[in-house]
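Student: Let us go through this model by question and answer, with the cut-offs stated as we go.

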Amino acid sequence: MTATRIDRGSTESTAIYSDGSDLVFERTFDAPREQVWKAFTDPDLIPRWWGPHGTTTTVVEMDVRPGGSWRYVSHAPDRDDVEFYGEYLEIDPPVGFKWTFLFDVEGVGPQGGPETFRFDDVDGKTKVTSIGHMGSIEALEGALASGMIAGALATWDRLAALLAEG
């Protein structure tokens, strides 16, 4: 733990903190690492868990290889569609991956940056660590102001439910 680590809304199931300009989420899922890897890399599974409750997600593109592009569109009845997109930078099945995670903010432009996912085997369960490399404290605070913590928690709750199905 470093002196710059700040809790950003941790819950009983998920640790959420910033460390400098990085935003970190950690959660242990009751599923083997290969199953968690598949949930993150199978375009047929993404729509079953990606996004907060009440949203649906369309996988437009998902080329899981270094240099491959990805694009998801999140739909909700109370807002315009939101596109999330980027490029896979590193792939290490089933240990983890790194991608660029971007979304457009009206009047501001693309937001986001590199994000690293690590999947650690912990006695048959999988600890998922997501590190969003925000680039600056200002970018981090802007992301937090967008409500991303609540959305991420709901998304990971949906992932836990999917993984419980087996």
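Student: Which residues does isoleucine 16 touch, not counting residues up to four places away in sequence?
Tutor: This is a predicted model, in which local features need pLDDT of at least 70, side-chain atom pairs count only at pLDDT 80 or more, and totals for chains, interfaces and linings use all residues. Residues are numbered from 1 along each chain as its sequence is written, and side-chain values use heavy atoms, with hydrogens and water left out. Contact means heavy atoms within 4.5 Å. On that basis isoleucine 16 touches Ile6, Asp7, Arg8, Gly9, Ser10, Leu23, Val24, Phe25, Ile149 and Leu153.

Student: Is isoleucine 16 buried or exposed?
Tutor: Isoleucine 16 is found in strand β2, residues 15-19; helices (H or I, at least four residues) and strands (E, at least two) are DSSP runs, numbered from the N terminus. Buried means under 20% relative accessible area, exposed over 50% and partly exposed in between, with a 1.4 Å probe and protein chains only. Because its relative accessibility is 0%, isoleucine 16 counts as buried.

Student: Which residue in β6 is the bridge partner of arginine 71?
Tutor: Two strands pair if DSSP finds at least two bridges between them. β5 and β6 run antiparallel and are joined by seven bridges, forming a hairpin with two residues between them. The partner of arginine 71 in β6 is tyrosine 85.

Student: What is the omega of the cis peptide bond that joins proline 93 and proline 94?
Tutor: Most residues other than glycine have a negative phi, and most peptide bonds are trans. Proline 94 is found in the loop between β6 and β7. The cis bond joining proline 93 to proline 94 has an omega of about -15°.

Student: What is the phi of aspartate 123?
Tutor: Aspartate 123 has its place in the loop between β8 and β9, and is exposed, with a relative accessible area of 79%. Its phi is positive, in a residue other than glycine, and is near 55°.

Student: How much space lies in the largest pocket?
Tutor: On a 1 Å grid over the protein atoms alone, a pocket is an open set of points where a 1.4 Å probe fits, with protein on both sides within 12 Å along at least five of seven lines; lining residues have an atom within 4 Å of a point. Grid points are joined across faces, edges and corners, and a volume is the space filled by probe spheres set on the points. The largest pocket is lined by 42 residues, and its space is about 1,100 Å³.
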